[in-house]
Amino acid sequence: MFISSQLFSGRDKKLKSPAKVAPIAKPMEKVRIGYVGVGGMGTAHVENLLKIKGAEIVAVCDIVESHAARAQDLVVKAGQGKPEAYTKSETDFKRLCQRDDIDLVYNATPWEWHVPVSLEAMKNGKHAATEVPAAYTIEDCWKLVETSEKTGKYCIMMENCNYDKVEMMILNMVKKGLFGELLHAECGYLHDLRAVKYDMEGEGLWRRAHSMKRNGDLYPTHGLGPIMQYMDINRGNYFDYLVSFGTKTRGLHLYAENKFGIDSPQAKEKFVLSDVVTTLLKTMNGETIVLTHDTSSPRPYSRDILVQGTKGIARKYPETKIYIEQEGKPHVWDKVDEYMKQYEHPVWIELEEQSKGAGHGGMDFIEDYRLVNALLRGVEPDMDVYDAVVMSAVCELSEKSINQKSTPQKFPDFTRGM
Ligand SMILES: NC(=O)c1ccc[n+]([C@@H]2O[C@H](COP(=O)([O-])OP(=O)(O)OC[C@H]3O[C@@H](n4cnc5c(N)ncnc54)[C@H](O)[C@@H]3O)[C@@H](O)[C@H]2O)c1
């Protein structure tokens, strides 16, 4: 059974159809996919896609042959034909994009490749789906917008946290008005990645390098994605400006000294990324958001979700708690259980069973399912290129703000007034 595509209400009610948005693609009998970058996350997506009726993986690409071979094996074991592998060079994805039997090029490559792969896909007449962030410079954000508009192809940033069970329950409650008018939110990505950044494979090969070159919120989308939906960003509301602050830089260096020794090459590396980056965003509708990035400190994982409205508040991490003025005891948090029974999002009610065992508690399967089914049915996917870039723009805007002593940075209007 298919589900409604109106996951994020608001846009169609408040705005006229934007003139330049990629036209809604026609329904397809199957979605033929070329997958680029089959490391940790790419392999997880391939496994999800192989469980989704109507999705077919016809080509895989990776600069590491064994990664591509592993993906080929997964596809064959799932009963599909052996996909062709593209492993010749860092730009071999271009040959994959030129094939005429692909509808969607989906990439989970290191950050620096998201834009080149997405652009190449669209220019060759394929829809593009990319892991997060979609881009990390404003210039690249504009390239994605302009190419999507010009080619009429979707460019979708796969923000899996939008599909988390609790975040979606809160979305449902926000849209039903339980929190009243929204005032403020908090969110972020607080994940101790010190060991990951020094790994000899996977993200260790590329993610640490960004901490040496860039000081800003390098990974804003897991926190901002759900908040954007709650606040109807791009659906009648928009981010106005932000300011960012960065702490001193300690965590990675201390970790390297401790793990590899004070005379090790790792301990001599220099980092510029502040251990904690705090960004304050103001929306056009008058809400504020505190966004935090911390991947270098010892701490349990959190996305720090908090939503405050005129009638109540929800927070997630370390555990989910709700307070609705009319429903609970004054000044006392309620546990989530009763609210989950009443307000679990219909998408989760339908897909929870199928998503069991998939990455990040099932939300990764749900995001892949939603994408494939939107393409199959010929309905607008949950997120578009404007959603991808407004969140990704935080990367460069926060770097600029920190660099200029926390000067406010205005968000470009990627929709050009739409
Ligand atoms: N949404 C999430 O929860 C989540 C979780 C983890 C990673 N990610 C994102 O997924 C992406 C990949 O992360 P990962 O953890 O899988 O990293 P990874 O290093 O495990 O995988 C990257 C893969 O891309 C390959 N690759 C590198 N350059 C390439 C090129 N030019 N062409 C083709 N293949 C290339 C690598 O060989 C590797 O197999 C990143 O953008 C990361 O931020 C998202």
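Reader: Where in the chain is Asn237 found?

Author: Asn237 is in the loop between helix 10 (221-230) and strand 8 (239-246). Helices (H or I, at least four residues) and strands (E, at least two) are DSSP runs, numbered from the N terminus. One caution: this is a predicted model, in which local features need pLDDT of at least 70 and side-chain atom pairs count only at pLDDT 80 or more, while totals for chains, interfaces and linings use all residues. Residues are numbered from 1 along each chain as its sequence is written, and side-chain values use heavy atoms, with hydrogens and water left out.

Reader: How do you know whether Lys316 is buried or exposed?

Author: Lys316 comes out at 8%, and therefore counts as buried. It belongs to the loop between strand 12 (312-315) and strand 13 (321-324).

Reader: And which side chains have a polar contact with that of Lys316?

Author: Glu167 has one at 2.7 Å, and Tyr317 has one at 3.3 Å. The term covers a pair of N or O atoms within 3.5 Å; within protein, one must be able to donate a hydrogen and the other to accept it, and residues adjacent in sequence count only if both atoms are side-chain atoms. The Tyr317 contact joins side chains, so it passes that last condition.

Reader: What is the peptide bond from Tyr317 to Pro318 like?

Author: It's cis, with omega about -5°, and Pro318 lies in the loop between strand 12 and strand 13. The bond from Val132 to Pro133 is cis as well, with omega near -15°; Pro133 is in the loop between strand 5 (127-130) and helix 6 (138-151). These get a mention because most peptide bonds are trans.

Reader: Why are Asp304 and Arg416 called partly exposed?

Author: Asp304 is at 21% and Arg416 at 41%, so both fall in the range between the buried and exposed cut-offs.

Reader: On to the ligand. How many residues surround it, and of what classes?

Author: 27 residues surround the ligand, the closest being Met41, Asp62, His67, His114 and Glu203. A residue is near if one of its heavy atoms lies within 4 Å. The shell has 13 nonpolar, 10 polar and 4 charged residues. Ala, Val, Leu, Ile, Met, Phe, Trp, Tyr, Cys and Pro count as nonpolar, Asp, Glu, Lys and Arg as charged, and the others, Gly among them, as polar.

Reader: What distance separates a ligand oxygen from an N or O atom in the side chain of His114?

Author: That distance is 2.8 Å. A ligand oxygen is also 2.9 Å from a side-chain N or O atom of Trp111, and the figure for Trp206 is 2.9 Å. Taken alone the ligand exposes 840 Å², of which the protein buries 91%; the areas come from the Shrake-Rupley method with a 1.4 Å probe, and for residues only the protein chains shown count as cover.

Methods
Buried < 20%, exposed > 50% of the residue type's maximum accessible area, 1.4 Å probe, protein only.
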